[in-house]
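Before reading on, please take a moment to look over the sequence and the 3D structure shown here. The report that follows is meant to be read alongside them.

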Amino acid sequence: MTDAPDYADAHRAIPPVICYPPETLPQPDMARYARARDGMTKLSEVIAAPREAASFDVPAGHIFRISSVEGPQVGDLNLWNANDLSERFYSGKTRALHGTHVDTGDRLWTSFPTLRPMATIIHDTLDWYGFDEFGGGVHDVIGTRCDPYTGNLLQGGHYHHCCHSNLTRALADHTGLSLVEAEPHVHDVMNVFMCTGFTRDTGQYFMKASPVRPGDHIDVFAEIDLLGALSACPGGDCGSEHSSDTAPCFPLKIEVFAPAPGALNCWQSPPVNGYDRSHGRA
């Protein structure tokens with residue numbers, strides 16, 4: 001390690017600057033979303049079996065709920081524009097705009113060049129958790145998803161029920177794409193119910209047992225027509241192992257609801273980003 005310069009302590013003491021002040025973001029109408037949620041009507045339900053993934057469709061202006069139903073379980077969530085798979089959830093920009101973990105009132109944003117809200121979190125029974133003494137929080141947008149490539153790199157072998165593979169199979173089955181065609185559309189996830197953070201001494205990504213219990217759920221409003229896929233992670237509550245055939249795992253339930261009649265009068269899906277895409281050239 002190199003010797004610290006004379007100004008080291010003074011430079012470390014410089015206060016940080018928030019890159020993207022949230023006050024300048026378009027603010028969701030939470031009162032309207034609350035009205036939509038009150039009196040909503042269930043339309044469909046699907047179960048993501050342990051160590052498997054399930055896909056689901058959510059029309060714009062509808063609500064989907066992810067629930068723990070039998071035991072503590074985390075899920076890896078992918079979202080796409082149901083009409084254009086190239087527009088998908090952008091975890092990196094969502095993280096930059098809202099922070100490492102998302103909660104009620106935060107939005108999930110789409111990839112470039114559309115960069116618009118695709119979904120808004122409108123209710124969360126785990127919002128009490130906040131951040132613990134280790135810096136851990138729930139519903140992170142920092143983890144990438146467990147995958148067979150990293151597993152092969154670190155441990156060797158070919159484990160097929162990691163979240164990346166689960167999501168690939170679910171998308172292929174839903175769309176009719178081959179596995180080879182579907183895989184490039186699988187992307188970094190929102191880790192639903194997962195409790196994670198970064199260690200303060202080394203900055204390493206950590207996980208700990210999720211606080212989720214049967215009955216806990218998160219409700220998300222679809223700002224555009226959505227295709228979703230949710231993997232019930234092979235790590236279970238991710239309190240001990242990341243990908244495993246031995247960790248206790250449980251199903252996750254995904255329900256889709258129509259909003260209360262009249263609650264969304266005059267509501268419209270957000271338009272695509274207004275940048276002209278000239279990139280500085282005429």
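## Basis of the report

This is a predicted model, in which local features need pLDDT of at least 70 and side-chain atom pairs count only at pLDDT 80 or more, while totals for chains, interfaces and linings use all residues. Residues are numbered from 1 along each chain as its sequence is written, and side-chain values use heavy atoms, with hydrogens and water left out.

## The two pockets

Rolling a probe the size of a water molecule over the atoms shows where empty space is left. On a 1 Å grid over the protein atoms alone, a pocket is an open set of points where a 1.4 Å probe fits, with protein on both sides within 12 Å along at least five of seven lines, and lining residues have an atom within 4 Å of a point. A volume is the space filled by probe spheres set on the points, which are joined across faces, edges and corners.

The largest pocket has a volume of about 410 Å³, and among its 24 lining residues D147, G151, Q155, H242 and S243 lie nearest its centre. Helix α4 (148–154) gives the most to this lining, with five residues; helices (H or I, at least four residues) and strands (E, at least two) are DSSP runs, numbered from the N terminus. The second largest pocket holds about 250 Å³ of space, and of the 13 residues that line it, P148, Y149, H160, S165 and E183 are the closest to its centre. Here α5 (163–175) gives the most, with four residues.

## Helix α5

The expected span of a helix is 1.5 Å times one less than its number of residues, so the 13 residues of α5 should span 18 Å, and this agrees with its end C-alpha atoms, which are 18 Å apart.

## Aromatic rings

Rings of Phe, Tyr and Trp (its six-membered ring) pair if their centres lie within 6.5 Å, and planes under 30 degrees apart count as stacked, over 60 as edge-to-face and the rest as tilted. By this rule there are six aromatic pairs. The rings of Y33 and F221 have centres 4.5 Å apart and planes at 35 degrees, so this pair is tilted. Y33 lies in helix α2 and F221 in strand β11, 188 residues apart, and both residues are buried.

Key. Buried means under 20% relative accessible area, exposed over 50%, partly exposed in between (1.4 Å probe, protein chains only).
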